[in-house]
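Hi,

Here is the structure I said I would pass on.

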Amino acid sequence: MLKKTLLAGLAIGVAMVTTAYAADPIKIVYIGKNTGNPYFDSITGGFEDACKSLGCEFEFVAPATAEATSQIPFIEAQIQRGVNVIAIAPNSPDALNQVLDGAKAKGILVLTVNGDLVGNETHRDATILPVDFTKTGPNQVELMGSMIGYKGDIAILSATTEAPDQNTWIAAMNDTLKNDAKYKDMHLVATVYGDDQPEKSTTEMEALLSNYPNLVGVIAPTTVGIAAAAQVIQSRNLAATVHVTGLGLPSEMRDFVKDGTVSAFQLWSPYNEGWLAAHFAVGVIGGTIKNEVGGTFDVPNLGTITIADKNAMNTQAELTTFDAKNIDDFDF
Amino acid sequence: MSAIQTPATRELPPARPRWQVIVVRPETMTLVLLIAALFGASLLSPYFLDVGYILRSFTLSAEFAIVALVLTMVIIAGEIDLSPAANMALSACLFAFAQQAGVPMPLAIAIGLFAGLVMGAINGIMVIALQIPSIIVTIGTLTLYRGLAQVIAGDKSIRVPDWFIGINTVLIAGIPLTVLIFIVMSIILGVVLSMTIFGRQIYQIGTNEVAARHAGIRSQRIKMSLFLLMGVVSAAAGLMTASRLGSVRYDLGLGGELQMVLMAMLGGTYIFGGRGTILGTFLAAWLLVIVSTGMTVANVPPSVQLVVQGVLLIVSIIATNFIYSRTQR
Amino acid sequence: MTALRNILLRREAGILVMIILFCLAVGTQKPQFLTLDSLRIILLLTPLILIGAMGQMLVVVARHVDLSIGSMLGFSAMVTGMMFKFHPEIWWPVGFLVSIGTGALLGLINGLLVTLFRLPAIIVTLGTLNLYRGLTYIVSNAKQIDRQYVPTALKSMSQTSPIFGIPWIIFISFGVALLTYIFVMHTRVGRQIFALGSNPVAAPLRGVAVTRVTLLVFSISGALSGLAGILYAGRWGFVNPSNTGSGFEFQVIAAVVIGGVSINGGVGTVLGTILGVLLLGCVAAALPLLGIPGTTQSAIYGAVILIALLIDRTVRQQGIKSLTRARA
């Protein structure tokens with residue numbers, strides 16, 4: 001971590017001279033989905049470290065609950081505080097349109113980080129997503145296939161029925177299973193939704209096992225779902241017959257990997273999302289980065305970042321796979 | 001004007017001095033807290049004291065505040081309704097669903113309002129005709145109404161037409177329209193409650209329903225009309241929220257019932273009925289908005305806000321009880 | 001007295017019939033619903049609710065209500081989780097004492113506010129619902145207690161036991177129900193709760209120490225929420241400041257009302273409450289099996305509560321009729 005910060009400090013030194021060194025520091029706020037969500041600690045860490053080296057001011061705020069409108073008072077308050085950058089993990093793809101427009105009208109740079117306003121992209125300036133989401137589906141199918149010998153009945157345990165990211169991935173999974181001959185012996189028998197609640201996800205997982213006795217694998221592309229699914233497998237001692245994988249947090253999955261319940265799962269680095277967002281924001285406000293589709297810029301530790309269609313940026317190309325060998329290297 | 005006068009059912013002790021009647025009442029406490037909150041919030045953050053910002057922040061709670069005015073009357077009549085926030089969600093979902101399906105807008109709005117009326121009627125029938133306690137009926141309908149909203153809309157959000165969006169940004173003499181509606185509603189309901197026979201009957205029902213019925217007050221009819229009013233006003237509030245957000249999802253107004261009850265309680269409405277004023281709820285709505293806005297703009301974490309809300313509720317009810325027990329003698 | 005007994009019997013028989021009909025109806029669609037395996041699933045869904053419902057039953061019988069149980073569950077679980085995390089040297093079963101003790105303390109505070117200031121319980125516990133949740137964020141610094149800190153022995157309690165492999169957590173919950181039964185049926189204080197609830201004005205005249213009994217029921221409700229708190233940590237493997245216990249009060253109150261505990265106080269049985277909990281458990285377990293989307297669950301819960309209320313009223317009305325007929 002220290003090495004990373006030092007490196008970043010050196011690399012950014014040049015940029016700092018050219019940007020606003022005498023003026024007020026740039027104020028960045030990140031509005032999370034809700035407080036107490038371990039996922040955001042890591043993103044916040046990336047923002048904090050970046051701001052330490054770039055000399056910006058950073059604050060993290062979040063409402064108590066992740067309900068669609070609970071972020072609105074927080075956005076209003078940040079506009080009133082006169083921040084320069086609002087980065088947000090939106091709780092709703094469209095309920096925030098009006099208030100975000102208000103922020104943009106005041107000249108605030110609005111970024112969505114770790115989730116986008118799907119279908120309402122004009123209400124923010126750019127989005128920072130962890131990976132190219134078109135690759136998440138195929139990545140997950142390949143991992144599942146490698147665990148079950150590319151053969152047998154599998155199911156998907158997702159978040160809510162309308163979760164936009166999960167639905168993109170599930171569509172890609174279906175596509176991959178159907179069109180890639182490598183997976184012709186894998187059959188997707190069901191897609192169920194645990195609403196990102198541990199209780200409901202557990203019930204759905206148990207129903208899967210009971211409805212489909214021939215099930216050999218479950219993909220849960222959501223951190224709550226994969227932990228619940230693994231818990232069910234662990235408590236019923238089914239690790240040898242039913243393989244669970246998906247997207248999970250190393251901190252929550254460590255035990256399951258160590259006792260063999262889950263052999264491997266995937267995710268990205270939330271830390272890098274904060275790191276990239278802060279560098280992008282400071283660059284855009286300082287004039288060193290142009291927020292245009294097709295533009296490129298360099299970020300320490302991440303290399304060259306390209307601004308893709310709809311002003312979207314990714315911190316890494318493909319998912320990181322965690323297994324017994326590397327799980328202890330990650331502390332988020 | 002004295003709204004807290006109890007009917008003279010027994011021999012009353014000599015009247016208290018006039019200044020005491022005016023000063024020693026729960027609304028005074030709310031007003032004092034409101035002024036204290038304004039000072040506190042200004043000290044907490046230099047960004048707070050800005051009339052435009054405070055009014056804008058009030059629009060975020062204005063819909064709840066409007067319903068809380070009617071809820072105050074329901075509580076004074078000795079009942080309670082915990083379902084209005086769920087009612088807001090279901091009527092807004094029905095409205096949005098209908099207009100998306102091609103129903104003309106005026107008709108879609110009518111559908112939303114009518115749905116609210118029906119929901120109010122269901123509560124009223126179960127409470128009045130079937131005599132099941134309102135607290136438990138409305139906990140049940142709270143779950144049911146929001147559940148139905150979820151069945152209708154799933155967890156998708158439904159967009160509303162562009163021209164319908166932004167009732168909260170329409171300014172009249174610098175005041176957002178929803179805030180103005182709240183102020184006008186407060187005046188109308190305040191007059192109804194404190195100056196009409198209907199209003200006085202509400203207090204009498206809440207103080208002693210059996211006695212009120214013996215005195216010839218049609219308590220069932222009055223209570224039913226309050227539940228119906230509650231239903232329609234909640235539906236209207238739901239549509240206003242839809243206009244503010246530009247989209248409708250089943251979780252619209254989630255948890256709003258707590259905010260509304262909090263407004264009524266903080267304004268000195270007595271939970272067992274018979275006492276309370278619209279003025280109190282009016283002041284309490286501003287108090288709550290200022291407390292939460294002040295803390296949010298000062299980046300006070302929501303944990304502290306939850307604690308402050310909880311303490312405020314308990315302190316206000318202790319104070320209200322104390323004041324009522326003193327003024328009763 | 002026999003007439004009253006009959007009504008109560010009929011009430012519980014009614015819920016039992018509802019459960020059986022429901023299970024058979026689901027069974028015709030999905031035969032695997034009528035297996036031991038799914039009984040295990042249902043029983044594992046309900047222990048926390050059952051424990052919470054026993055406390056809530058006592059509170060409601062005493063003519064109060066406790067809306068803060070979810071926040072008490074969350075706070076106790078968080079305090080216990082923090083003990084596991086920061087003091088792993090402490091023998092883990094001490095966590096039970098910590099969690100139950102913390103819950104009892106919070107419950108006592110509710111009781112004191114209700115008795116000292118003569119405040120309505122619904123408002124007090126609405127306030128402490130927010131207050132305790134806020135305190136949970138504050139003590140935990142809004143950080144989740146992750147899986148690796150929760151002792152494995154605690155986690156395995158909700159998975160197995162030496163007795164036919166039936167998880168400990170199921171024995172604990174039914175043990176709590178049994179103790180509650182003995183408490184209300186065979187102790188003086190237990191009977192006094194009913195006397196207090198059926199007529200708060202006359203209760204002191206009959207020698208009921210109203211303040212002490214009220215404090216007791218709220219403390220029990222808190223203590224049982226605390227027990228549910230540590231079991232939550234074991235069942236789900238983590239403690240989260242915002243999720244843990246949120247919405248618990250609605251499930252528990254629904255179960256208690258369905259189980260025939262009268263919201264007017266003075267009436268309620270352990271058996272009825274258990275059946276109410278089981279009915280909710282059956283509904284929760286059947287929905288995913290039938291492929292009904294989770295989005296309908298809340299509407300179905302709401303409908304079940306309202307139907308239970310209507311049945312309750314009809315039964316009460318008939319009871320009054322049969323009583324008057326018997327007298328005539």
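How much area do chain B and chain C bury between them? Keeping in mind that this is a predicted model, the answer is about 3,100 Å², with 84% of it on carbon and sulfur atoms. On the chain B side, the residues that lose the most area to chain C are Ile136(B), Leu306(B) and Ile314(B), which together make up 17% of what that side buries.

The contact involves 36 residues from chain B and 36 residues from chain C. Salt bridges across this interface come to zero, and one residue pair is in polar contact. On the side of chain B that touches chain C, helix 6 (134–153), helix 11 (256–266) and helix 13 (302–328) each supply at least two residues. Helix 6 of chain B gives the largest share, 14 residues. By type, that side of chain B splits into 25 nonpolar residues, ten polar and one charged.

Now for the cysteines. I searched the whole structure and got one disulfide over all chains. It links Cys51(A) and Cys56(A), with 2.3 Å from S to S. The link is left-handed, at -100 degrees about the S-S bond, and both Cys51(A) and Cys56(A) are buried.

Cheers

How values were computed. Residues are numbered from 1 along each chain as its sequence is written. Chains are lettered from A and ligands numbered from 1 in the order in which they are written. This is a predicted model: local features need pLDDT of at least 70, side-chain atom pairs count only at pLDDT 80 or more; totals for chains, interfaces and linings use all residues. Side-chain values use heavy atoms; hydrogens and water are left out. A disulfide is a pair of cysteine sulfur atoms within 2.5 Å. Buried means under 20% relative accessible area, exposed over 50%, partly exposed in between (1.4 Å probe, protein chains only). Contact means heavy atoms within 4.5 Å. Buried area is the accessible area (1.4 Å probe) that two parts lose on being put together, summed over both. A salt bridge is a side-chain nitrogen of Lys or Arg within 4 Å of a carboxyl oxygen of Asp or Glu. A polar contact is a pair of N or O atoms within 3.5 Å; within protein, one must be able to donate a hydrogen and the other to accept it, and residues adjacent in sequence count only if both atoms are side-chain atoms. Helices (H or I, at least four residues) and strands (E, at least two) are DSSP runs, numbered from the N terminus. Ala, Val, Leu, Ile, Met, Phe, Trp, Tyr, Cys and Pro count as nonpolar, Asp, Glu, Lys and Arg as charged, and the others, Gly among them, as polar.
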